[in-house]
Amino acid sequence: MMDSSRSAQRAVIQFLPSEGEHVSQIHFRMKEVHGEQCLARCTIFLWCQRYEAGRVNIKDWARPGQAHVVTNSATISAVDELKRQNRRITTHEITVELSISKGTVHHIIHKRLGYGKDCAQ
């Protein structure tokens with residue numbers, strides 16, 4: 001069985017143009033070998049352009065994104081303290097009080113602290 005990982009396919013994309021293979025032919029050959037796991041045709045074209053421009057690394061570069069530093073012990077303690085002071089406090093009120101997202105508050109309450117509804121009528 002052939003390795004269908006993205007990095008393995010990128011290595012093939014990097015190698016075949018050096019043998020004079022056209023990008024369309026690279027896609028056709030990879031589709032035969034990898035089948036449904038093959039990279040999309042436009043992705044193969046994109047990677048060929050990157051390698052022509054001088055890129056040598058087949059790994060993805062780090063992508064920017066939001067750091068997940070909000071769910072730390074201080075934030076968890078603050079949410080727990082607010083819940084203990086007023087058991088009827090809403091997620092929105094905690095969000096406003098601590099200036100964190102509603103999703104983070106929900107995660108802390110249900111996953112980290114293990115709170116749930118005591119009873120439902």
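Val79 is found in helix H4. In this predicted model, Val79 has a relative accessibility of 0% and therefore counts as buried, the cut-off being under 20%. Apart from neighbours within four places in sequence, the residues in contact with Val79 are Ile94, Leu98, Ile100, Ile108, Ile109 and Leu113. Glu97 is a further point of reference: Val79 and Glu97 are separated by 18 residues in sequence, and their C-alpha atoms are 9.5 Å apart in space.

Helix H4 covers residues 73-85, and its axis comes within 10 Å of that of H6, with a crossing angle of roughly 80°. H4 is therefore roughly perpendicular to H6, since angles of 65 to 115 degrees are classed that way.

What is the phi of Ser99? Its value is near 60°, which is positive although the residue is not glycine. Most residues other than glycine have a negative phi. Is Ser99 buried or exposed? Its relative accessibility is 63%, and because the cut-off for exposed is over 50%, Ser99 counts as exposed.

Elsewhere in the chain, His27 has its place in helix H2, which spans residues 23-34. The relative accessible area of His27 is 17%, so this residue is buried under the 20% cut-off. Leaving out neighbours within four places in sequence, His27 is in contact with Leu39, Ala40, Arg41 and Ile44.

Helix H3, made up of residues 41-52, also takes part in a pocket. This is the second largest pocket, and its volume is about 150 Å³. Which residues line the second largest pocket? They are Arg10, Thr43, Leu46, Trp47, Arg50, Arg55, Asp60, Trp61, Ala62 and Arg63. Helix H3 gives the most to this lining, with four residues. By class, the lining has five charged residues, four nonpolar residues and one polar residue. Among the charged residues are Arg10, Arg50 and Asp60, while Trp47 and Trp61 are among the nonpolar ones.

These elements belong to a chain whose secondary structure amounts to six helices and zero strands. Along the sequence, the pattern reads α-α-α-α-α-α. The chain has 121 residues, of which 25% are buried; Val79 and His27 are two of these. Of the contacts in the chain with a separation of 6 or more, 49% are between residues 24 or more positions apart.

Conventions
Residues numbered from 1 in each chain as written. Predicted model: local features only at pLDDT ≥ 70, side-chain atom pairs only at ≥ 80, totals over all residues. Heavy atoms only, no water. Buried < 20%, exposed > 50% of the residue type's maximum accessible area, 1.4 Å probe, protein only. 1 Å grid on protein atoms, 1.4 Å probe; cavity = no way out; pocket = protein on both sides within 12 Å on 5 of 7 lines; lining within 4 Å. Points joined across faces, edges and corners; volume = space filled by probe spheres on them. Helix = DSSP H or I, 4+ residues; strand = E, 2+ residues; numbered from the N terminus. Axes fitted to C-alpha atoms, helices over the stretch in contact; angles between N-to-C directions. Parallel < 35°, antiparallel > 145°, perpendicular 65-115°, else oblique. Contact = heavy atoms within 4.5 Å.
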